[in-house]
Amino acid sequence: MNKTFITFHLFLLLCIASVFAEPAGTWRLYNSYTNITKVEPFGNHIFVLCDGNLFSYNATDHSVAEHNKLTGLTSQNIINIAACKTAKKLLIVYEDYTIDFLPSDFTKEVTTIIGLKEKLTSKDKTITDIHINGKYAYLTTKELGILKINTLSCTIEETYTHGEAIPDDERTTMTVDEYKALSGDAKPDGPSDNNFFRLYLNNGRLYATSGIADGPTLDVRPNAIHYMELTNTTWKDVPIPDVADKSSPYNTILCMAFDPADASHFFVGTSFGILEYKDYNIFKTYNTENSTLSYNNIFLNNTFVSSLLYDNNKNLWAFNGFFNLLPINKMNASGNWEIINRKINSINTQNRSLEGAFISKSNGFLWFSNSNWDRSGLYALNMDTYTLDSYIEFINQDGQLVNTNPYFFRPVEDTEGNIWIPTTNGPVYLSSRDIAEKNKIFTQPKINRNDDTDLADYLLGEVYCYVIAIDKAQRKWIGTKDAGVFLISNDNATEIAHFTTENSPLLSNEIYDIVIDESTGIVYIATVNGLCSYQTDITSNYGTLDEDNVYSYPNPVSPDYTGPITIKGLYDQCQIKITTSAGYIVHKGVVSGGSYQWDGCDQNGDRVASGVYMVLVETPEGSKGCVTKIAMLK
């Protein structure tokens, strides 16, 4: 066969593989660029500040480029920018008082000043104005005076008191309207805002509600339902009718439910009722006048529908918040409503935000939680008899009480029928056996200390957890109030990873929601500052070794490539061997997760020679075979 044809064929394999997924460990940020607040012309580039995010417009080729933590910036939520022409750098000021200097040609690394961020003071450090004169930048703060910064050395040289004269600003100005006229309002694609609360995957799209009118801050956001095409990451908003009661201070979009038989048919739970959509057009609205929904006694004219469920019998289940009795509303396929009132516990504690309704695949109960500042609880409703099992006090296997009063706490089920719950004291679960035997004992996983003792600590026992998502490998992705995201092994005994704003592009350490696209292995993370995603090594073919779904990338491997070679489509605990075409073993190992990474070296640590290498796999069940080939070019 012609060598040129072989090389071209391998190139096609590489292109095909690149379509399936990005390398494991890849992050993406989905920032909003809707509202322009600042424009800084800088040579051929124009830097634009939008919704706390930054991009640049190239006036020569009319391209746009995003600038964020993935491209080298160090923080999130930008409040001001200024062009330093003498130093050829863009000064960037963040909400957390970090100051970055981005070289205008993007060829050098960002330089950061953290002195203001780390300064301990009771005075307000907020930067209110920036003047640029020569090599100096003068930053005015609310109460700390004026900082004089040398933009060449990126150091704070002096601090002036308020009232002292500073040189005139030498910057070239450009208004937002001037930028739009020049560029045609060019900007990167992104959601309409950075408000993401609840996430949903349905029919090749990611949906998000803006939330929230609950929690420690009773934060209220502009109403929005964002959705993204997963194949091309283009963003749109679902139109929202103007039916909200404007007199209520807590108007908000909270949750969604999708018709399993019709992807274009879905419902949206809000503080002002339920919205029904068909083909992204509003079809009907439900409120206190045409349904069993009721106004609560805390927020007047507010229904607070915080959880929705659309079952396979075309019944819509809606959960009304802030009542002493538990009102579960049910609309059947004919549009008839009924209300199921149940007392949630003997103390008559008021319910608050009813969250996370789902129907168990193992026991058939409808599970949900009550997130309450006083007395949270977990509930299981028999959908035939309407009897309700309540789990109010969480007593663990050691007889100790677990604090279950976090906001936004929602249950989730694993493949073994265990019901997991995030709590103020880490994750716990109600085992399928205890559910069947009606034992109200919660298991709080433990991690051995490995210090020559038999002692162990509760898994994340001191961490305030908000959300748990479980991937195909039964690993737990745990989002927290202020500690980022933890990835825990399937046996609950190992912390595989811990992502924070300090060690990753994660947008915030406060996590509202996590969903996992099992077809691609992408984990979508909603934070208080917006949406980001992480590419895992677990996909939908995890656990089924199908040669048609196994591929490696890059493939072919170019001579100058020094990174890892990733083999995807495998599953946990497979034995893997990489051999020459003659059968000589150059590398072997064990798969952890759904992919395997090879450094391109033999067992002595030397780079292998050019040629075609066979990837041989033996499954835990004993099946053997060659699943793919890798071409090494030199």
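**Pockets, cores and loops: a chat**

Visitor: How does the lining of the largest pocket divide by class?
Guide: It has 24 nonpolar, eleven polar and 14 charged residues. Ala, Val, Leu, Ile, Met, Phe, Trp, Tyr, Cys and Pro count as nonpolar; Asp, Glu, Lys and Arg as charged; the others, Gly among them, as polar.

Visitor: What kind of model is this?
Guide: This is a predicted model, where local features need pLDDT of at least 70 and side-chain atom pairs count only at pLDDT 80 or more, while totals for chains, interfaces and linings use all residues. Residues are numbered from 1 along each chain as its sequence is written, and side-chain values use heavy atoms, with hydrogens and water left out.

Visitor: Back to the pocket. How much space lies in it?
Guide: About 1800 Å³. Of its 49 lining residues, A357, F358, K361, V412 and E413 are closest to the centre. Elements giving two or more residues to the lining include β18 (253–258), β26 (353–359) and β42.

Visitor: What counts as a pocket, or a cavity?
Guide: Both come from a 1 Å grid over the protein atoms alone. A cavity is a set of points where a 1.4 Å probe fits but cannot get out. A pocket is an open set with protein on both sides within 12 Å along at least five of seven lines. Lining residues have an atom within 4 Å of a point. Points are joined across faces, edges and corners, and volume is the space filled by probe spheres set on them.

Visitor: How many cavities of 30 Å³ or more?
Guide: Two. The largest cavity holds about 50 Å³. Its lining has four nonpolar, eight polar and no charged residues. Among them are N31, H67, Q76 and Y94.

Visitor: What about secondary structure?
Guide: Four helices and 51 strands. These are DSSP runs, numbered from the N terminus: helices are H or I, at least four residues, and strands are E, at least two.

Visitor: How much of the protein is buried?
Guide: Of its 634 residues, 54%. Buried means under 20% relative accessible area, exposed over 50%, partly exposed in between (1.4 Å probe, protein chains only).

Visitor: Which residues have the most contacts inside the largest nonpolar core?
Guide: I274 and W477, in a core of 65 residues. β18 gives the most to this core, with six residues. Apart from it lies another core, of 20 residues, I565 and Y613 among them. A nonpolar core is a set of buried Ala, Val, Leu, Ile, Met, Phe, Trp, Tyr and Cys residues joined through side-chain atoms within 4.5 Å.

Visitor: Is N329 buried or exposed?
Guide: Buried, with a relative accessible area of 0%. N329 lies in strand β24 (residues 325–331). Beyond its neighbours within four places in sequence, N329 is in contact (heavy atoms within 4.5 Å) with residues including L293, W317 and W337. N329 and L293 are 36 residues apart in sequence, yet 6.8 Å apart in space, C-alpha to C-alpha.

Visitor: And N509, where does that lie?
Guide: In the loop between β41 (495–499) and β42 (511–517). N509 counts as buried because its relative accessibility is 16%.

Visitor: Which peptide bond into P554 is cis?
Guide: The one from Y553, with omega near -5°. The bond from N555 to P556 is also cis, with omega near 10°. P554 is in the loop between β45 (551–553) and β46 (565–568), and P556 lies in the loop between β45 and β46. Most peptide bonds are trans.

Visitor: What is phi of K88 near?
Guide: 55°, a positive value in a residue other than glycine. K88 is exposed, at 58%.
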